[in-house]
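This briefing concerns strand pairing and helix packing. The sequence and model are shown first.

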Amino acid sequence: MTTSYSEHMKGITKERLLEGLVGYGLFSEKLPPFLTSEDFYDFCMDGDNHPKSSNSNSGLFKNKHVSEYVQYANMRNINVPRLLAVPEPIAYFNLCHCLSQYWPELTDCFESKTKNDDFKISRIHIRRIKESKIIFSLGSSYDSSGVTWSWVKKVVNRPVSKVFSMNYKNLSEDDNPIPKIKIKSRFVVHADVSNCFGSIYTHALSWALIGKNQGKIQRNGYWHNEIDTYTMNVNKGETHGILIGGHAFNIISEIILVAVDEKLKDRYKYIRNIDDYECFVEDYQNAENFLIDLEAELRVYGLTLNHKKTEISELPMTHESDWIRELRYFEEGDYFDYKETVHFLDFAIALMKKNDGNSAVLNYAIQVLSDKNKSISATEYFL
């Protein structure tokens with residue numbers, strides 16, 4: 001039985017949302033494993049530790065309106081860094097607290113925009129992650145291209161309290177719409193929002209939540225204005241751009257992107273992974289129309305397409321990238337000696353160069369070799 005977008009949202013209480021965002025979602029999964037925020041969440045929930053603000057939103061910390069943050073450059077597959085952020089913790093807690101307080105209003109908005117969907121358009125979103133053991137290294141797990149580093153690991157006998165994960169999938173809850181929407185399609189469109197998080201205009205959150213005209217009228221004293229304010233506070237008081245890293249910012253981006261989906265979903269069949277779109281159409285004209293309409297709806301909220309990443313491809317296409325299939329020819333066997341290790345890595349480096357320097361090729365090869373038994377000399381060469 002698949003679970004709808006709104007059912008995922010409504011399956012999270014506002015208390016669990018706050019714990020997940022603060023206790024397990026303060027730091028990006030791409031950060032090295034030296035930070036954890038579980039104790040910070042416990043500290044925040046101890047009423048004796050902080051003065052309540054005069055704001056009616058009980059439970060908030062008093063803090064300055066403008067907060068700095070720490071930047072961290074994370075290298076992407078295209079060998080261009082993405083600037084992640086570690087937000088100032090108090091400002092981040094206040095944002096998360098605000099989102100949790102208005103979680104019923106937010107879930108109602110998400111439900112109204114997605115309730116008639118034939119399938120989940122947004123594939124990566126806030127959701128209830130089923131209970132399991134947490135395996136982490138010096139705090140939180142470090143997930144880079146699917147690799148979990150566990151030289152120092154410990155199992156904690158408590159439920160997973162995260163409410164967002166880039167790599168989490170549950171086949172019993174998630175549909176797979178692509179085989180159905182590909183029927184009769186001759187082309188697939190790949191599109192990407194240019195600098196999505198960095199271009200989001202915080203005042204546009206109100207437009208997405210209650211409508212642009214109403215949002216321009218209700219500028220102060222409403223729940224959607226508070227979300228706008230606390231989002232700005234985390235980012236030095238700036239109205240343009242939200243941070244990348246903390247899980248709360250994925251809710252912020254979804255507010256905008258789901259509103260865009262609402263305008264397009266009746267005309268096109270597509271899926272979205274955060275800000276990456278994959279649309280299936282019957283002819284080339286419809287492919288171009290999708291790009292025109294998508295850009296028009298994005299511009300309502302001050303966003304634009306990254307035309308360097310826009311591509312229209314003819315179907316059918318292979319399910320896996322060619323380089324994955326080529327590497328898999330060398331994956332057989334559980335033991336690699338020195339010569340096999342050298343050959344495998346040389347082949348992976350050559351494939352990476354052949355695929356425009358896509359470092360995902362080398363990351364995949366490293367992951368494969370990490371799981372193999374190797375001779376002493378092979379291990380030394382690998383390291």
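The points below cover the source, the strands and the helices.

The model is predicted: local features need pLDDT of at least 70, side-chain atom pairs count only at pLDDT 80 or more, and totals for chains, interfaces and linings use all residues. Residues are numbered from 1 along each chain as its sequence is written, and side-chain values use heavy atoms, with hydrogens and water left out.

**Strand pairing**

- Helices (H or I, at least four residues) and strands (E, at least two) are DSSP runs numbered from the N terminus, and two strands pair if DSSP finds at least two bridges between them.
- Strand S9 (residues 276-281) runs antiparallel to strand S7 (residues 187-192), and six bridges join the two.
- Within this pairing, Val188 lies opposite Phe280 of S9.
- S9 also pairs with strand S8 (residues 269-273), in the antiparallel sense and over five bridges.
- Here Ile271 is placed opposite Glu278 of S9.
- The hairpin of S8 and S9 has two residues between its strands, and Ile274 adopts a positive phi near 55° in this hairpin.

**Helix packing**

- Helix H4 (residues 89-101) packs against helix H11 (residues 248-264) at an angle of about 50°, with the axes 10 Å apart; axes are lines fitted to C-alpha atoms over the stretch in contact, and angles run from 0 to 180 degrees between N-to-C directions.
- H4 is therefore oblique to H11, where angles under 35 degrees count as roughly parallel, over 145 as roughly antiparallel, 65 to 115 as roughly perpendicular and the rest as oblique.
- Tyr92, Leu95, Cys96 and Leu99 of H4 meet Ala248, Phe249, Ile251 and Ile252 of H11 in this contact (heavy atoms within 4.5 Å).
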